[in-house]
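Load the model in your viewer and keep the selection panel open.

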Amino acid sequence: LIPNWNATPAGTVAYLIFQGGNKAAALKKNLDRFIGVGLGTMLGQLTMGISCDISIDVGAELACGFFLLAYFCLEFLSFFVYFASPNFFYAGLMFCCFFAEH
């Protein structure tokens, strides 16, 4: 999970959102970046935490299977959004990257 005092997600969002030029035109892309990074990081942490929690009850093998199934399903869906959606393609890519990181 994310170690204490880790600023990687916050630093990444600050780096991605910072742009010069026309502020109003970049608002939608900045929000897509924020949604992708935030959602990917949160769901990555939740999936790992839930699979570790259920490993106590159902065993490590079944918990590992659950984690792999959830991982591949969410990665497939995020790539589907990336390639198929004209509006949220960037959010799908950022979600995929940050979900895989955690």
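**Aromatic pairs**

The structure holds 6 aromatic pairs, where rings of Phe, Tyr and Trp (its six-membered ring) pair if their centres lie within 6.5 Å, with planes under 30 degrees apart counted as stacked, over 60 as edge-to-face and the rest as tilted. Select Tyr 71 and Phe 72: with centres 5.5 Å apart and planes at 75°, the pair is edge-to-face. Next, select Phe 79 and Phe 83, a stacked pair at 6.2 Å centre to centre and 20° between the planes. These two sit 4 residues apart in helix H3 (residues 60-84), about one helical turn. Phe 83 is exposed at 67% relative accessibility (buried is under 20% relative accessible area, exposed over 50%, partly exposed in between; 1.4 Å probe, protein chains only), while Phe 79 is partly exposed at 37%. Then select Phe 67, Tyr 71, Phe 72, Phe 95 and Phe 99, which ring pairs link into a cluster.

This is a predicted model: local features need pLDDT of at least 70, side-chain atom pairs count only at pLDDT 80 or more, and totals for chains, interfaces and linings use all residues. Residues are numbered from 1 along each chain as its sequence is written, and side-chain values use heavy atoms, leaving out hydrogens and water.

**Cysteines**

The count of disulfides (cysteine sulfur atoms within 2.5 Å) comes to 0. Select Cys 96: its nearest cysteine sulfur, that of Cys 97, is 5.5 Å away. Cys 96 is buried, at 5% relative accessible area.

**Helix H2**

Finally, select residues 27-58, which are helix H2 (helices are DSSP runs of H or I, at least four residues, numbered from the N terminus). Its buried residues include Gly 36, Gly 40 and Gly 44. Just after H2, Gly 59 takes a positive phi of about 105°.

How values were computed
The expected span of a helix is 1.5 Å times one less than its number of residues.
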